[in-house]
Amino acid sequence: MTNLNNPRSTLHALVPMGQGMADVESLSSYFCRLAHSHGMTARNLAAWTLDHYEQPVPDDFKWFRRSFAGMSMETEQWAAWLAELTGVANLDHLTLAPWRHLISNPSLTSVSDRWCPCCLSEDREREQFPYLRLTWDLAPVAACLRHKVELVSKCPHCGKSNVRNRASTVVIGYCTSCGGFLGNAKAAPATPQALWVARQVGLMLATLPRIASDGVATLLETIIERMAQGNVAAFAQQLGLSKSGVWHWVRKGGLPTLPAWLGIALHGRIGLERLFAGELSNWQLPTEPVQFSMSLSASPRKGIQSRKLIWEDLRQQLRAMLVEEAPISLADACLRTGLDHKLLYLRANTEARAIVDRYQRHQAASREAKEIRLQAQVGELIRERFDAGFEGMSAREVWQTLDSDLKTVRHTYRQVAKAIAANDPK
Ligand SMILES: [Zn+2]
Ligand SMILES: [Zn+2]
């Protein structure tokens, strides 16, 4: 881990791309570039970071399951850790955390990974590292405003989905399955509606919100007052929202979803960034009805639920996964079938449970094998050291000699300390 040492910061002080702009980089992208600059895999950098902060590293640890782009406390924690390690401030601006008190979280981020191939190609033409835009991870965004095209989600070379950054080793811009350049994908022209949404979200991301959490209720009241003279039912109807949903914002401190905020922006003809800055004093409401409608029920699962599922085929696919040499987790089965785990449990219960069972047994066995290997390796190291007349070693010193596989053993330090104690002749 010596290559992580740097006179000013523990990790390289990489500058995030597009900060303060509509095409700001996402934290997942930053993280992959950071790992790359240290010659590490993203998975190992994530495991190293967790260990550095004395957090457990699960055996089936997949770094990309950490929702780097979202607004969870976990996202914010990662942004803070990476800011401390790199010395680069405000890495939470590469996530949605600054909007947590304004936008309701469910369905905010996209289930499948999307990108604009033209943006990636342009990055490469400019001889800079391609990077992933935070806006691509927001479920309502379906287009690139700069290139006026729809975002894509399939590798143009191997046709697979979720190949953008869901792997241990990621080179941003290249398929994690076949290695092909993702910028080669063909993108269809975007609709005016999709471009409008992309513009709004871009403006939002470029401007940090100024409304604090204690100002949200007043903001919503003012909006309903201005748009429907305070009449919740009329307001809900105008925007195509449920009345109970709007009452929930007003009375119970609920928050609008991003599509609902977009509905307010569309019908009130006011930018999201102005709403979130609380700039309502010069707000001129439109005199004519809006030109196009926007489906507020647009869900990130769109396309998945409407997909015609042929369950017999899918169950066969799952059974085939059960006889593959390496047991896979249910999460991987979900990724490969493009289905939600709840749906799998519901419609292919036997297969889903068999997958979980097989994986757990495999994990338990490999955990045990790893622990045995760790005990043996550390024991040998300690005995050699004592035999050569040296002092003992600290758990951290020993940890640094372990291979990357052993570094991921659950409670590594505890295990290492146990092995040291067992071999200490004193
Ligand atoms: Zn683009
Ligand atoms: Zn591919």
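Student: Which residue forms a salt bridge with Asp113, and how far apart are the closest N and O atoms?

Tutor: Side chains of opposite charge can pair when their charged atoms come close. In this predicted model, Asp113 pairs with Arg166, and the closest N and O atoms are 2.9 Å apart.

Student: Is Asp113 buried or exposed?

Tutor: Buried means under 20% relative accessible area. Asp113 has 6% and is buried, while Arg166, at 23%, counts as partly exposed.

Student: How many salt bridges does a search of the whole structure find?

Tutor: The search finds twelve. One of them joins Arg210 and Glu279, with the closest N and O atoms 3.3 Å apart. Arg210 is in the loop between helix 5 and helix 6 (216-228), and Glu279 in the loop between helix 10 (272-277) and helix 11 (311-322), 69 residues apart. Arg210 is exposed at 58% relative accessibility; Glu279 is partly exposed at 34%.

Student: Which side chain meets Arg315 in a salt bridge?

Tutor: Glu351 does, at 3.3 Å from N to O. This pair links helix 11, which holds Arg315, to helix 14 (residues 349-387), which holds Glu351, across 36 residues. Arg315 is partly exposed at 26%, whereas Glu351 is buried at 4%.

Student: Which residues are linked in a network of salt bridges?

Tutor: Glu122, Arg126 and Arg146 are linked in such a network.

Methods. Residues numbered from 1 in each chain as written. Chains lettered and ligands numbered in written order. Predicted model: local features only at pLDDT ≥ 70, side-chain atom pairs only at ≥ 80, totals over all residues. Heavy atoms only, no water. Salt bridge = Lys/Arg side-chain N within 4 Å of Asp/Glu carboxyl O. Buried < 20%, exposed > 50% of the residue type's maximum accessible area, 1.4 Å probe, protein only. Helix = DSSP H or I, 4+ residues; strand = E, 2+ residues; numbered from the N terminus.
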